[in-house]
Amino acid sequence: MKDFTAKVAVITGGASGVGRSLAFALGRRGAKIVIGDVDAAAMELVSADLAAEGIAATVSHCDVTDIESLNALAATAQSVFGGVHLVFANAGIGAGEAGAIWDYPEKDWQWCFNVNIWGVINSIRAFMPVLIAQGEPAHFVVTGSGNGGLVIYPDQPIYTASKAAVHTITENLHYQVQAGGLPIKVSALFPGPHVVDTGLFNSGRVRPESLKTGVDGNATGINSVDDMKKMAAEYGIEMQTTHPDEVAEMALQGLETDAFWLLKTTPETDAMIQARTEMIMSRTTPTTERSGF
Ligand SMILES: NC(=O)c1ccc[n+]([C@@H]2O[C@H](COP(=O)([O-])OP(=O)(O)OC[C@H]3O[C@@H](n4cnc5c(N)ncnc54)[C@H](O)[C@@H]3O)[C@@H](O)[C@H]2O)c1
């Protein structure tokens, strides 16, 4: 999609981080923005900030774990702006897991899979029929993660598993849309190349009451990118981060050429992807060292 002017872009999880940056980047290119999120305070803020820039936007409560909530968001986009041209299935959480995989509370798995996997499935089920019925060029973008989508970080299995599923679903969606000859493009967005400075590490702020485990914050004790930086500094490492605005720019540049992979890497992350592929091809038993961690 070369021109975003007057296009309607729906962004789940658009009140914070990558989604918020996408909203501004698209709005500044003339798109009309529909945000669905569950964080009331952040929604109020993004709504006011978009209005202050003169960007046409509507911000609605939408819980991606609930298909009816996404159907309602689709209806809002259609009634307020008359259609949908871009969908960003972006909402996601980090479960903040720590310790052994066999000890994680079931509620951590449920929360993460509900938002990260079912959120994407529900977004596809709610919006694909709308895009197909419109019959116009459209773009469906799913936010995955290199952690799970491309390589397997050894210490965050819940999040990693969720993003492995997300990538599989995204690539399948792409194949099916292609096979169906639909005027819709699909892209896989991998925020990065470094850890993106967003609210992901403080996801507990939007954790539903019913899935709380009694742990205050993340089991890791790391509740922000600043916490991560401090921990890295204790090991003498200066941790690099990426601003979410950079992710949004990378994404939109990719969308302008209909790229499937919205992926910016570093030589280090490329080496990890290559090492994993080579381990599979040569049937080498994985070790964290061989994987580049
Ligand atoms: N931050 C990173 O380094 C990084 C790296 C790779 C992938 N990602 C992915 O980027 C996406 C955006 O996350 P972010 O990093 O901007 O974090 P963020 O916490 O800043 O933003 C996520 C947004 O999703 C919303 N959300 C959470 N649960 C929801 C629900 N049930 N329904 C609707 N909205 C919900 C939150 O309120 C928040 O506004 C996620 O899918 C995340 O997994 C982030």
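**The ligand shell and overall fold of a predicted model**

Helix α1 contributes the largest share of the shell around the ligand, namely three residues. The model described here is predicted. In total, 31 residues lie around the ligand, and those that come nearest are Gly13, Gly17, Gly92, Thr198 and Gly199. Two elements, α1 (17-28) and β7 (195-196), each give two or more residues to this shell.

The protein chain as a whole contains ten helices and nine strands. Its radius of gyration is 19 Å, close to the 19 Å that the globule rule gives for 293 residues, and the chain is therefore as compact as a globular protein of that length. The C-alpha trace of the protein chain extends over about 50 × 45 × 35 Å along its principal axes. Of the 293 residues in the chain, 42% are buried. When contacts between residues at least 6 apart in sequence are considered, 70% of them join residues at least 24 apart.

Attention now turns to the end of the chain. Glycine 292 is located in the segment that follows α10 (288-291). This glycine has 15 C-beta neighbours inside 10 Å and therefore counts as partly exposed, since a residue is buried only with 20 or more such neighbours and exposed with 12 or fewer. Apart from neighbours within four places in sequence, glycine 292 is in contact with Ala271, Met272 and Ala275. Between glycine 292 and alanine 52 the C-alpha to C-alpha distance is 45 Å, and the two residues are 240 residues apart in sequence.

Conventions:
Residues are numbered from 1 along each chain as its sequence is written. This is a predicted model: local features need pLDDT of at least 70, side-chain atom pairs count only at pLDDT 80 or more; totals for chains, interfaces and linings use all residues. A residue is near a molecule or strand if its C-beta atom, placed from the backbone, lies within 6 Å of it. Helices (H or I, at least four residues) and strands (E, at least two) are DSSP runs, numbered from the N terminus. The radius of gyration is taken over C-alpha atoms; the globule rule is 2.2 Å times the number of residues to the power 0.38. Two residues are in contact if their C-beta atoms, placed from the backbone, lie within 7 Å.
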